[in-house]
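Biologist: I would like to learn how to read a model like this one. Could we go through it feature by feature?

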Amino acid sequence: MTNSLTDHLGRHVVVVTGMGVVTSLGQGQQDNWRDLTAAKSGIRHISRFSTEGLRTTIAGCVDFLDVDPYSAPALSIAMAESAASEAIEQADIGRKGDFPGPLFLATPPTELEWPQRRELYGEESDTSLEGYDRMLSACRTSKHDEMQRLFQFASVGEHLADKYGTKGLPVSLSTACASGGTAIQLGVEAIRRGDTDTALCVGTDGTVNLEALVRFSLLSALSTRNNPPEAAMASFSKDRDGFVMAEGAACLVLESYEASKARGANILGVVHGCGEHADDFHRTRTSPDGMPMIRTITKAITDAGLKPADIGYVNAHGTSTPENDKMEYFSMKQAFGEGMETTPISSNKSMIGHTLSAAGAVEAVFSLMTMQSGLIPPTINYNTPDPDMGTIDAVPNKAREADVSAVISNSFGFGGQNVSVVYGREPK
Amino acid sequence: MKRNDAMSKENADVWITGIGLLSSLGEGADAHSTAISGKSGSTVTPKLDEQNYAPYPVHPLVEVDYASQIKKRGDLRQMEPWQRIGTYTAGLALADAGLAGDLEALDHMDMIVAAGSGERDAAMDQKVLEKTSGDNANKGHSNEILKSELRPTLFLAQLSNLLAGNISIVHKVTGSSRTYMGEELAGLASIENAYNRISSGQSDLMLIGGANNAERKDSLLIFELGQNLWGDEFKSIWERAEQGGGLVQGSVGAFLVLESADHAKARGAKPYAKLSGISSDRCRRDEGQAKDNLDSQFDELSKTMEQGNLGVLSGASGTSQATAEELAFLGGLEGKGFTPLTRAYGSMMGHSFEAQMPAGLALAALALSKGQYIEPLDSSGVEASTDKAPEQIMVTSVGHWRGEGLALLTSLDSKEAK
C-alpha cells in the first residue's frame, strides 16, 4: 500500500506542513537557503559588547531584529516569533492567534544578566547592604514585573503561547545542544499517541552575551581562530579547534498525515522516526566506545522503519570540536558500516555556527529543504582532511546536487544528551 | 490537554512504584509518612530558617549524607546543592522501587526532570557588582573581571539539564533524558507527559521529579522581582493568603518511579498507588480564569471518581490571586458531590516550584498506601479533619504565576496490586 496514513508500527504518520527559520545568515527560508547553498558564512566579529581581552571574539549573532535592549530571553522571543509566524503562515493552519495544538519549545535556561543585576544593585539607596541583599531590598521597594516576566523560566513559552494561542501547557525544555531535536521528538510522540493532530515545535537561542561566551571559553569549547571569522568553523577538518557560538530559531508545524490530507495541506516532508539514548560516561565527553551515539542513530533508523542504505544524506551535528566530529563520524560508521563511505555528511554549522538550543530545529528545516531542492549544503572550510576519518564525504566547500529521499539529523549535547531524527521527502 | 482512564479501555494503568523524598521534614518515604501521620489533634511543626535569609523564612534541607547515594567524590564536587538534592533523591526513588543497580531496567528507563536554573555563586556576583558598579563602572575592565572571577565556578552545575545528566552518570538512567523548565508548570507537564507515554504504551518505566534549593539568595531574588515572597513571621499557606499572600520557599527533592502495571507485575514490584488521571491548562490569569480552568478540568477528571470524601493535597504557594482562586474552586466541590479534605502541604515543606507537584504526588501515594491521611496543617478552618483516610486523592498545581493542573491518585487494593 502506498501513502499509508499509518507507519510500519501502526502509528500516525507525522508530516511537516510549515517551516520557519532565522540564523545569522538572515530571516526566512529563502534567504537562508540562498546563502547556505552558496557556501556563505554568518560568523562575524562580535559588535554587541566589547570583546577586549577575550580569547574568542567571534559569533554568529542575529543583530538585524529590533530587540532593544538586548537580553537573551528578549532576542529568543523575537527570533522564535519570526520563525513561528513564517511556519504557521506557510502551513495555513488554524486562525490568527488560534493554533490548534500544543507548543513544544527548546529554549535556553534563563537567568538575570549583568545589566539587570547592575540595575537592581544601583537602584537601592542603602549602600551598606551588599550583593544580593542590596538587590533584594530594591525588589521590596518596588515591583519589577517586566523583569520578572522576562526572566522566569516559563517566559519565552508563555509569550509564544499567548501570541499564537497554542493549546494546553506550553512545554519549555532543555536537553542542551540537543534541545531542538527533542522539541520535534515531543511533537512526534504527541501526534503518534493521538493526543493532538498538530504541534508547534520551536527551537530558539539568543544567548551570545559576555558571560556565556566567557563560560564556554573557560570550558575550552570555542574556536579561537578569530581571523577571518568565516573560516573559524572547520567541521570534520583536521585543524578544527572548537565551535563558534551562534544565535537562531526555527519552527516546524507538525501534523498527522491524516489531518493534513483532510484539510488539503501542502506537505513539505515527513518525520519518519526519532532515536534517543543518554550517555552516562561524563558531563561533557562521549563514551569512548560511542555506544550511546550509535544506539541513538540506530534507534532513529529502526523507529523510522528504514535501513541505513535508505538514508541519502547525514545532516551532522558537526560542531567542529575535536571530540564531537571524531565521535560522530565514528558512530555513523559503526551504525552504517561501509555504506557510510558513500553517504554524504555535511555540517550546516560550518556556515551558521552552533545555534545551541535551536540547532536541532534549525537543522531540521535545512534537512527538509535539502530533499525539496535536491541540493546538499556543503561543509565549508573543509581543506585539511582528518586521517582519522578516512574516506568521509563531507560535501566539501560547494553545494552538491543530489536526489535525497531520507535524511538523518543528529544532535548531541552536554549532559549525555543524544537525539537523532530521520526526515523524509514524502510519505511512504 | 486532557487524558484519563475514560479515554480508552486499552490504556495501560500507571502505577507509582518508587518514591524519593527529601525536605526539611526528613529523608525518604518512611520519614515523610511518619511526619504526615500525626495522631489526631497534633500538627506537623514546620522546620524553618528565619535568620539567614531574613526577612524571608525558608524551610532548610535536613542534614544529608550525600555520599550514601553519590558515591564518587568527583561526582559530588561537580554539583551545586540543587543537583545534589536532585541526584540524591532520584537515587532514593530508584532504590525504593528496587531498581538501583538494575542496569537492564535503567538502560530502558525514560527520565524527565523538571528543573529550574542552576545556582549562582553569590560571592562572585557580589564581587563583580562591586568592581563594576558605581564609581567602579568602567566597562573596559568587566571582561577581565568576569574572566578571572568565573574561572573557578561550576558552569555545568548551572545548566538546567545537568541534573538529568548527573542522574545518568551516577544512577545509570539512560533510556531517554529530557528536562522541562518553567517553575510549577514544568513539574506538572513532566508528570502529564510521563502519564501519557505510559498509558499509551510509548514507555513502561519512567523516572520523573525535580529539586529546589531554597537556601540561596539568587533564587529568592528571581521571585521577589514580582514581590512574590512572604517576608514576615512564618504563617501557613491559607493564613498567608488571607494576609496579602506570599510564598515561602522550601528545599525539596521529589522523584517518582512511574511504571505500567504490567511492567511492575512482571518484576514483582509493589505499587503505592495508581495515577488515574491528570489534566492541565494555562491562562493569562485574568480574574477568575484559573478557577474556571480548574472547574472544567475537575468536571472531566471526576467522571472516574466516586462522590463523597476526596483527599486534596493542594500545591498552593500562598501567593494571593492564585491561592484565592484555588480556594474558590475547592469551595465549589461540595456542590458537585465531593467533600474535599484539603491539606496545603506547602505549609509544612515550603514551596518548591518544579518539585512541588512531584512532592504532592509522593505524599498522596504514601498516604494511600499507608491508609493514613495528613492531619490538618493549620487552624484556618480550610482543612477539615477526618476519621477515615480517603481512597482517592487529588493533587492540585496552581502555579504562583502560570499553569493549572490536577492529578488523581487512587488506592490499589491488594487484589489489583498482585
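Modeller: This is a predicted model. In chain A, the centres of domain 1 and domain 2 are 37 Å from each other, taken over C-alpha atoms. Domain 1 covers 14-110 + 152-416, and domain 2 covers 115-149. Four residues from domain 1 of chain A and four residues from domain 2 of chain A make the contact.

Biologist: What area is buried between domain 1 and domain 2 of chain A?

Modeller: An interface is often sized by the accessible area lost when the parts come together. Between domain 1 and domain 2 of chain A, about 270 Å² is buried, and carbon and sulfur atoms give 30% of that.

Biologist: How many residues does each of chain B and chain A bring to their contact, and what area do they bury?

Modeller: Chain B brings 79 residues and chain A brings 78 residues. The two chains bury about 7100 Å² between them, with 59% of it on carbon and sulfur atoms. On the chain B side, B:Met181, B:Leu225 and B:Arg282 lose the most area to chain A, together 11% of what that side buries.

Biologist: Please show me one residue of chain A that touches chain B.

Modeller: Take A:Ala154, which touches B:Gly182, B:Glu183, B:Leu185 and B:Trp401. A:Ala154 sits in the loop between helix H5 (145-151) and helix H6 (155-164) of chain A.

Biologist: Is A:Ala154 buried or exposed?

Modeller: A residue counts as buried when its relative accessible area is under 20%. A:Ala154 has 4% relative accessibility, so A:Ala154 is buried.

Biologist: How do I read distance along the chain against distance in space?

Modeller: Compare two pairs. A:Ala154 and A:Asn348 are 194 residues apart in sequence, and their C-alpha atoms are 29 Å apart. A:Ile58 and A:Glu230 are 172 residues apart along the chain, and their C-alpha atoms are separated by 9.0 Å.

Biologist: Where is A:Ile58 found, and what does A:Ile58 touch?

Modeller: A:Ile58 belongs to strand S4 (residues 58-59) of chain A. Its contacts include A:Ile43, A:His45, A:Leu213, A:Pro229 and A:Val244. A:Ile58 is buried because its relative accessibility is 0%.

Biologist: Which helix is a case of a mostly covered element?

Modeller: Helix H7 (residues 162-171) of chain B is mostly covered, with ten of its ten residues buried. Among them are B:Leu162, B:Asn166, B:Ser168 and B:His171. Just after H7(B), B:Lys172 takes a positive phi of about 70 degrees.

Biologist: What is the general idea behind phi and the peptide bond?

Modeller: Most residues other than glycine have a negative phi, and most peptide bonds are trans. In chain A, A:Phe236 has a positive phi of about 70 degrees although it is not a glycine. A:Phe236 lies in the loop between H8 and S8 of chain A and, at 0% relative accessibility, counts as buried. A:Asn381 also is not a glycine and has a positive phi, of about 60 degrees. The loop between strand S12 (375-376) and strand S13 (400-401) of chain A holds A:Asn381, which is buried at 16% relative accessibility.

Biologist: Which peptide bonds are cis?

Modeller: One is the bond from A:Asp68 to A:Pro69, with omega near 5 degrees. A:Pro69 lies in the loop between S4 and H2 of chain A. Another joins A:Asn227 and A:Pro228, with omega about -10 degrees. A:Pro228 is in the loop between H8 and strand S8 (248-256) of chain A.

Biologist: How is empty space found?

Modeller: A probe the size of a water molecule is rolled over the atoms, and this shows where empty space is left. The largest pocket here has a volume of about 1100 Å³. It is lined by 48 residues, and those closest to its centre are A:Glu113, A:Asn209, A:Leu210, A:Glu211 and A:Ala212. H8(A) gives the most to the lining of this pocket, with five residues. By class, the lining of the largest pocket has 24 nonpolar, 14 polar and ten charged residues.

Biologist: Why is the largest pocket said to lie between domain 1 and domain 2 of chain A?

Modeller: Both domains give residues to the lining of the largest pocket, so the pocket lies between them.

Biologist: How many cavities of 30 Å³ or more are found?

Modeller: There are four in the whole structure. The largest cavity has a volume of about 280 Å³. Of its 25 lining residues, B:Ser117, B:Arg216, B:Ser219, B:Ile222 and B:Phe223 lie nearest its centre. H9(B) gives the most to the lining of the largest cavity, with five residues.

Methods:
Residues numbered from 1 in each chain as written. Chains lettered and ligands numbered in written order. Predicted model: local features only at pLDDT ≥ 70, side-chain atom pairs only at ≥ 80, totals over all residues. Heavy atoms only, no water. Helix = DSSP H or I, 4+ residues; strand = E, 2+ residues; numbered from the N terminus. Buried < 20%, exposed > 50% of the residue type's maximum accessible area, 1.4 Å probe, protein only. Contact = heavy atoms within 4.5 Å. 1 Å grid on protein atoms, 1.4 Å probe; cavity = no way out; pocket = protein on both sides within 12 Å on 5 of 7 lines; lining within 4 Å. Points joined across faces, edges and corners; volume = space filled by probe spheres on them. Nonpolar A, V, L, I, M, F, W, Y, C, P; charged D, E, K, R; others polar. Domains from an automatic or database assignment. Buried area = accessible area lost by both parts, 1.4 Å probe. Lists of a residue's contacts leave out its neighbours within four places in sequence.
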